[in-house]
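Subject: Structure handover and notes

Hello,

Please find the structure below, followed by notes on what was found in it. Keep it open while you read.

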Amino acid sequence: MGKNKLIIFAKQPKLGKVKTRLATTIGQDKTLKIYFELLTITKKVTSVIDAEKVVYWDILTYHSQNEFEFGYENKIQEIGDLGFKMEKAFQNESKLGAKKIVIIGTDCPYLTKDILEAAYSELDHFDFVLGPALDGGYYLLGMKEFFPFVFHSIPWSTENVLSLTIDSIRKNKRTVTLLEELSDIDDIDDLKIWKSDI
């Protein structure tokens with residue numbers, strides 16, 4: 001049986017290329033610093049997970065290795081919308097023998113080791129596991145077998161992503177469970193809440 005696999009979707013930390021909604025209110029320089037902070041948190045949390053870890057970047061550069069170095073493989077995302085990119089990443093890792101595959105982004109500073117471990121544990125009992133985000137999307141998706149339908153006909157970056165994904169899973173007669181609801185850092189309100197929590 002293949003080892004657990006953790007896929008991390010990330011963008012290169014470049015000025016004006018990350019968290020564009022946030023940048024409209026706090027500026028590109030501050031936004032880039034926030035993104036570096038989110039990358040650091042993601043690396044810290046995932047480094048202690050017992051899984052093979054691979055970071056899929058929007059583009060690959062020499063500096064990719066510096067962001068996630070020891071214990072991480074670095075690959076490049078396919079060209080297409082978010083669903084297509086995730087589908088191809090899952091397909092690639094499944095072909096390499098991974099069984100339980102979980103994907104996360106770098107936008108959720110509330111993610112913990114316990115939550116990630118719970119995701120893999122739930123896949124012993126369910127076909128899918130989802131981490132609901134407060135904005136109606138999800139911060140985590142896991143599956144124990146490659147089911148590409150879960151990425152099809154979803155209006156990405158809308159408040160309906162989670163509900164439509166659950167509908168799709170149930171229509172295809174598969175089982176799904178939810179983790180605790182967390183917030184992504186997408187705009188100034190998310191940022192204020194996060195920093196006040198800290």
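Where is Ser 183 found? Ser 183 sits in the loop between strand 7 (176–178) and helix 7 (188–197). Helices (H or I, at least four residues) and strands (E, at least two) are DSSP runs, numbered from the N terminus.

Before going on, a word on the source. This is a predicted model, in which local features need pLDDT of at least 70 and side-chain atom pairs count only at pLDDT 80 or more, while totals for chains, interfaces and linings use all residues. Residues are numbered from 1 along each chain as its sequence is written, and side-chain values use heavy atoms, with hydrogens and water left out.

Ser 183 and its surroundings

Ser 183 is buried, with a relative accessible area of 13%. Buried means under 20% relative accessible area, exposed over 50%, and partly exposed in between (1.4 Å probe, protein chains only). Not counting residues up to four places away in sequence, Ser 183 touches Asp 107, Cys 108, Pro 109, Tyr 110, Leu 134 and Asp 190. Contact here means heavy atoms within 4.5 Å.

Strands

Strand 2 (residues 52–57) is mostly covered, with five of its six residues buried. Strand 2 pairs with strand 1 (residues 5–10) in the parallel sense, over six bridges. Two strands pair if DSSP finds at least two bridges between them. In this pairing, Phe 9 stands opposite Tyr 56. Strand 2 is also joined to strand 3 (residues 72–76) by five bridges, and these two run parallel. There, Val 55 stands opposite Asn 74. In a regular strand the side chains alternate between the two faces of the sheet.

Nonpolar cores

A nonpolar core is a set of buried Ala, Val, Leu, Ile, Met, Phe, Trp, Tyr and Cys residues joined through side-chain atoms within 4.5 Å. The largest one has 28 residues, of which Leu 6, Val 102, Ile 104, Leu 111, Leu 116, Tyr 139 and Leu 140 touch the most other members. At least two residues of this core come from each of strand 1, helix 2 (28–46), strand 2, strand 4 (101–104), helix 5 (113–122) and strand 6 (138–143). Leaving aside neighbours within four places in sequence, Leu 116 is in contact with Leu 6, Val 45, Thr 46, Ile 49, Ile 104, Leu 111 and Leu 140. Another core, of 26 residues, lies apart from the largest one; Phe 151, Leu 162, Ile 166 and Val 176 are among its residues.

Salt bridges

Side chains of opposite charge can pair when their charged atoms come close. A salt bridge is a side-chain nitrogen of Lys or Arg within 4 Å of a carboxyl oxygen of Asp or Glu. A search of the whole structure finds eleven of them.

One joins the side chains of Glu 37 and Lys 195 (2.8 Å, N to O). Glu 37 lies in helix 2 and Lys 195 in helix 7, so the pair ties together parts that are 158 residues apart in sequence. Glu 37 is partly exposed at 30% relative accessible area, and Lys 195 is partly exposed at 35%.

Another is between Asp 124 and Lys 100 (2.6 Å, N to O). Asp 124 is in the loop between helix 5 and strand 5 (128–132), and Lys 100 is in the loop between helix 4 (82–95) and strand 4, 24 residues apart. Lys 100 is buried, with a relative accessible area of 11%.

Glu 73 forms a salt bridge with Lys 75, with the closest N and O atoms 4.0 Å apart. Glu 73 counts as partly exposed at 41% relative accessibility, while Lys 75 counts as buried at 18%. Both belong to a network of salt bridges that links Lys 5, Glu 52, Glu 73, Lys 75 and Glu 93.

Two residues with positive phi

Ser 157 has a positive phi of about 65 degrees although it is not a glycine. Ser 157 is found in the loop between strand 6 and helix 6 (161–171) and counts as exposed at 77% relative accessibility. Phi of Lys 173, also not a glycine, is near 60 degrees. Lys 173 is in the loop between helix 6 and strand 7 and counts as exposed at 73% relative accessibility.

Regards
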